[in-house]
Structure formats: structure tokens, C-alpha cells
Amino acid sequence: MLETVWFLLWGILWAVYFVLDGFDLGIGTISPLLGKSEENRKAIYESMAPFWDGNEVWLITAGGVTFAAFPSTYAVMFSALYSPLMLLLFALILRAVALEFRAKLENAAWKKLWDGCLFLGSFVPALLLGVAFSNLFQGIPIDREGIFQGTILTLLNPYGLLGGVLFVLLFAHHGALWLCIRTGASLQDSSARMARRIWILLLAVAASFLAFTAQATSLYENYLSYPVLLVLPALAMAGLVLSRLSLGRRQWWRAWAFSGMAIACATLFGVVGMYPAMIPSSLDAAYSLTIHNSASSALTLKIMLAVALVFVPIVIIYQAWAYRLFLTRSAQQGTASGEAY
């Protein structure tokens, strides 16, 4: 029972991370297309400045839960996916450095360098996260010892790459909607046009991904056994449609919230479909890591649950306060740290 509780919490933590840091990664990905002037580039940086580092707390929390609740899964995941995870880490560091260093010199070449780093540090993580999770949904070639019998090219299969494209488009759409909320009229209109264009591609890729999932994975087995669970992919698609309708009515907050709903439900669709597996083996189902053979002891899970019940609400309250504080200021007004961008 405790294993199931922590499996669901693990999936929810990833969903929260994708919703919150997804718009940061999306903004960085589309920044070369929207940041045509220095004024727009400053507005783009300042739209994410007060939030991006707090959003990454959820990435650390999701990684920490994997380590503490499912140590065997953590060990295999970080050895099998070592190369893409290191690339992900370096890319996230690059983005952080770009956000901090861009304002250090008033030099066009210097700023252009870090603008490029912001793009790479946003696009690469979005793509890799999609590739990694799609491969987890599909299963990776691990043997009975949990040793990965493949290379990084093994992960770049058609289903994995389609998942990577899906994540990039989900985050780019989410980021464009955030810019509609946080920026002034000129950049707001450009962002809305960008969101509308991305949405068409996103809908086509999302539908293709759901269809490909039936052929490439066994995720639908849980959904066929328990049809009520089909509400998750249905809500994900409904979120996309409602986001577009709200965008057309210039209801920015609603559009962004429905986009977040689509991201969260898409994540949970994959996680629930995997249950009880955490890393399915594509070599032999008997080699798969599940919540039963990779979980920590019952005592450890109980202690973790008690700690989580105390500290997770504190993190949520703090982050809600930070969002409320900084959302009262527009990006053009700047922030204490953002005025220099």
C-alpha cells in the first residue's frame, strides 16, 4: 500500500515540476523567435526571473523521492540514462548561468552569447525529458542485473523522439501563454500569435503520440482493465482544446491553467499506465523494476510520509506567496534582480 502511495506521489511531483518549470523552459525555447529587440528580450528574461529557481525545487524533490523511496530504480535509472541525464544537468546549469551572467556586461556580443545559452539550456532539457520519459513508458533494455544493454542511440528511437517533440511543443505553448500574462501589449500580441501556431502542431503531435503509444508500449493495458482511468488522457486533450478556446478570447490565465492541466494529465497518463512498473525491461518483463522489488523498507516509507506531510505544505505555501508577490508586478516594472536584464 505504501509503495503505491509513494508511486502516485512520485508521479504527481513530476507533473507539478513539468507544469511549473515547463513555462520557463518553453519561454527559453521560443525566445529567439520573440526576442527581436533588446526591450523584448529584457521582458522575456524578467517574465521568468522571480520564478525559475523556485520551480526547480520540484525537480530536486522528484529526484530525492526516487532516491529515498525507490533506491533500486534510482540506481538503474541514473546508470542506464547516465548520458542523457548528464546532458540535462549541464543544460540546466547553462540556463542558470545565462540568467545570472547576461546583465554583467553592457556588450551586444556578450548578451547574444547568453541569449544563445538560454535557448540551448531550455530546448535541450525539454527534448531530453520527453525522450527519457517516453523510453520509460516503452521500456529500456536492462538485464536481470539492471545493467543497460544499449547506447544513447538506443534511446533515440522513433517513439522516444516523438515524445521529445511533444514535450518541446507542450512547454513552448505553455511558455508563450505565460508571456501573454506577464508582458505588455506588443510582446503579448506576438506571444499570442506564437501560441496559436504552436497549438496546431501540438494537437497533431499529441494525437500521434497517443496513437503510437498503443503500438509501442503496454500503457493501455491498465486503461483497458480500468476504463475509468481513461479520464486522464481525455482531460489532457480537453485541456489542450480549452486552452485554445481561452486563448481566442484573450483569457490568458485560463488559457495557461488549461495548458497546465494538459501537461499534468499527460504526465499522469504515462505514470498510471506504467503501474506497478517503474522501469519496464524491453528484454524480458521479469527483469523490470517495479514498486514491489525496488521500494525502500516499510519503516523508511512511513518516516518519509510523515516528513512529506509536514514540509511539502510549507514549500507550497512559500511558493504560492512568492508567485502572489511577484505577479502583482508586470515584467516592465522589473524586479529587484530583474531590472538589470
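Me: Leaving aside neighbours within four places in sequence, which residues is Asp-115 in contact with?

Reply: Contact here means heavy atoms within 4.5 Å. With those neighbours set aside, Asp-115 touches Arg-41, Tyr-45 and Arg-102. Keep in mind that this is a predicted model, where local features need pLDDT of at least 70 and side-chain atom pairs need 80 or more, while totals for chains, interfaces and linings use all residues. Numbering starts from 1 along each chain as its sequence is written, and side-chain values use heavy atoms, with hydrogens and water left out.

Me: Where does Asp-115 sit, and is Asp-115 buried or exposed?

Reply: Asp-115 belongs to helix H7, residues 108-138 (helices are DSSP runs of H or I with at least four residues, numbered from the N terminus). Its relative accessibility is 16%, so Asp-115 counts as buried (buried is under 20% relative accessible area with a 1.4 Å probe, protein chains only; exposed is over 50%, partly exposed in between). As for Pro-32, Asp-115 is 83 residues away in sequence, yet their C-alpha atoms are 7.8 Å apart.

Me: What does Leu-166 contact, beyond four places in sequence?

Reply: Leu-202, Val-205, Ala-206 and Phe-209. Leu-166 itself is in helix H9, and at 7% relative accessibility Leu-166 is classed as buried.

Me: What covers the buried residues of H2?

Reply: Start with who they are: in helix H2, residues 38-48, the buried ones are Asn-40, Ala-43, Ile-44, Tyr-45, Glu-46, Ser-47 and Met-48. Their cover includes H1, H3 (52-55), H6, H7, H9 (158-182) and H10.

Me: How do I read a helix pair, say H1 and H4?

Reply: Two packed helices are described by the angle between their axes and the distance between the axes. The axes of H1 and H4 (residues 57-69) cross at roughly 160° and come within 8 Å (axes are lines fitted to C-alpha atoms over the stretch in contact, and angles run from 0 to 180 degrees between N-to-C directions). H1 and H4 are therefore roughly antiparallel (over 145 degrees; under 35 is roughly parallel, 65 to 115 roughly perpendicular, the rest oblique). On the H1 side you'll find Trp-6, Trp-10, Leu-13, Trp-14, Val-16, Tyr-17 and Leu-20, and among the H4 partners are Trp-58, Leu-59 and Val-65. By class, that contact has 12 nonpolar, two polar and no charged residues (Ala, Val, Leu, Ile, Met, Phe, Trp, Tyr, Cys and Pro are nonpolar; Asp, Glu, Lys and Arg charged; the others, Gly among them, polar).

Me: And at what angle do H1 and H10 pack?

Reply: H1 (residues 2-34) packs on H10 (residues 185-216) at about 115°, with the axes 11 Å apart. That makes the two roughly perpendicular. Ile-30, Leu-33 and Leu-34 of H1 meet Leu-187, Ser-190, Ser-191, Met-194 and Ile-198 of H10. The classes come to six nonpolar, two polar and no charged residues.

Me: What about H6 and H7?

Reply: Helix H6 (residues 82-101) packs against H7 at about 145°, axes 8 Å apart. Leu-88 and Arg-95 are among the H6 residues in this contact, and Trp-114 and Cys-117 among those of H7. Here the tally is 19 nonpolar, two polar and one charged.

Me: How many disulfides are there?

Reply: A disulfide is a covalent bond between the sulfur atoms of two cysteines. With the cut-off at cysteine sulfur atoms within 2.5 Å, the count is zero. Cys-180, at 0% relative accessibility, is buried, and Cys-265 is buried at 8%.
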